Amino acid sequence: MAYIEPRKNKKGEIIAYRIRVNKGYDANGKKLKPFEKTFKPDPEKSERQNMKALNEVAVEFEKKCKQGYVLDNRQSFAKYADYVIRLKERVGIKRTTIEGYKMLLPRINDEIGHMKLADIRPQHLNIFYEKLSQRNTRQYEYRATAIVDLKKEIRSKGLSFQKISDSFDVSVNTIAKACKGERILKSKAEQIAKALDKPLTKLFIISHDSSPLSAKTVLEYHRFINMVFKQADKEMIVPYNPASKATPPKVKRSKVNFFELDQLEQIQEEVDKLPIKWRTIIHLLMITGCRRGEIAGLKWDAVDWEQNSIYIHINLLHSTEYGTYVDSTKTEYSERYVNLPTETMELLKEYKRWYEQRKETYANRWHESGFLFFSERSGQEGEPMNPDSITRYLDKFSREKGLPHINPHAFRHTMASVLCFSKVDPVSISRRLGHSRVSTTTDIYSHMLKEADEVSAEQLAEVMLRRKNIKASTKAG
């Protein structure tokens, strides 16, 4: 039964009532702090009306407590969000996703982290999204641009990108960007300066990015907040999910980046001149449509020489916190067999011979890992390669050869476009790509499927309609 206690001011006047409901005892027999709710009388109403309202509130509050559906008014968003991240990490959410959550949290906490979960309304979130969409909201994003030949500085110290990455909190990819004159986070520039034992201002110029966040980035904040409140709703500590009633920005689907056939031929001509290792990697990206991490994660026992296929079930990833590590594929549907043409199998056989030769060359320095594509760094010979190196190599390769900008995912989109225009059905395309739903494939490649359908319509007309008209006009003549 709910216990009602009047609360008085110094004059002895009742200003509020505290409603308490017993929570029970913990596993050690210690009495738990009861659920509490405050009721303030309405000065515009009579004492009888207020007492009736008080009793109604007490009965409803006790009912919700017994059902386990009661607001935890003491818990802030920041505290609960930390709990949700730990919970997601414990149940096996991918490390890259967890890292993404942690990156979003500081800015969210600045806005609503101090607020109690039950006090947050859709309007609070809409105001936050509006702020993110305005200029000068990137308070965490001070950027640094190199003002010296950074690559030369690194070499003069007898260092390499990888050595700096191994000893300091900065990825090889970030170092490469800095050397090309691209802007990087100030915190990462500080790590590079520390590695070179030079003042930051001697190597970089610092600027603040005042541009508003993109709609896509704002949507990422919304999705995280929505996830936190979904969990709170599931655990019955909020009356409803305010994020579900908020209005995040709409994001237009970006155009899929793929290569035209003449561009693909140009790329293939240059790829044929590459060393066998990179020739094989790029060939597999083109012909399989696999993700970068799926190619880097291939092991020899996943190659079926008799069935001419590879088994995709490993995704190789890299992060500053964990280094290069093995993970499962993006979704359970991404685990799949991918059939390969004869030309690809012949290339794999050639690569296998080269692989065995390299293995013999390294002898006792070889670290057996079973991965097709391995690191050749001193002390790590034979270990899995950093998947980021594929992106870096393609970027450098395309610039040096004067080719269209190449990234691993562009090959995936290109393969899908070729299949679309070859009249392959969406179900088969979806299976080859490893999408969880066919609708994912049709959504991403909708414009390609539409164009392919228009071509089909023209071909049907040529065979079924125009051919008949041509014959008719010939007879008439």
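A residue counts as partly exposed when its relative accessible area lies between the buried range, under 20%, and the exposed range, over 50%. The legends below describe close-up views of a predicted model.

**View 1. The salt bridge between D395 and K180.** The closest N and O atoms of D395 and K180 are 2.5 Å apart. D395 belongs to helix α15 (residues 388-400), whereas K180 sits in the loop between α7 (172-179) and β5, so the pair ties together parts that are 215 residues apart in sequence. K180 is partly exposed, its relative accessible area being 40%, while D395 counts as buried at 15%.

**View 2. The salt bridge between D327 and K94.** The side chains of these two residues, D327 and K94, meet at 3.5 Å, N to O. Because D327 lies in strand β10 (residues 323-327) and K94 in the loop between α2 (77-90) and α3 (95-113), the contact links parts 233 residues apart in sequence. Both D327 and K94 are buried.

**View 3. The salt bridge between K273 and E270.** Here the closest N and O atoms are 3.6 Å apart. K273 is exposed, with a relative accessible area of 62%, but E270 is buried, at 17%. The structure holds 20 salt bridges.

**View 4. An open sheet of three strands.** The strand order is β5-β4-β6, and the pairing is antiparallel. β5 (184-185) and β6 (204-208) stand at the edges with a single partner strand each, so one side of each has no neighbour in the sheet. Strand β4 (residues 142-146) pairs with β6 over five bridges, and A146 stands opposite F204 in β6.

Key: Residues are numbered from 1 along each chain as its sequence is written. This is a predicted model: local features need pLDDT of at least 70, side-chain atom pairs count only at pLDDT 80 or more; totals for chains, interfaces and linings use all residues. Side-chain values use heavy atoms; hydrogens and water are left out. Two strands pair if DSSP finds at least two bridges between them. Helices (H or I, at least four residues) and strands (E, at least two) are DSSP runs, numbered from the N terminus. A salt bridge is a side-chain nitrogen of Lys or Arg within 4 Å of a carboxyl oxygen of Asp or Glu. Buried means under 20% relative accessible area, exposed over 50%, partly exposed in between (1.4 Å probe, protein chains only).
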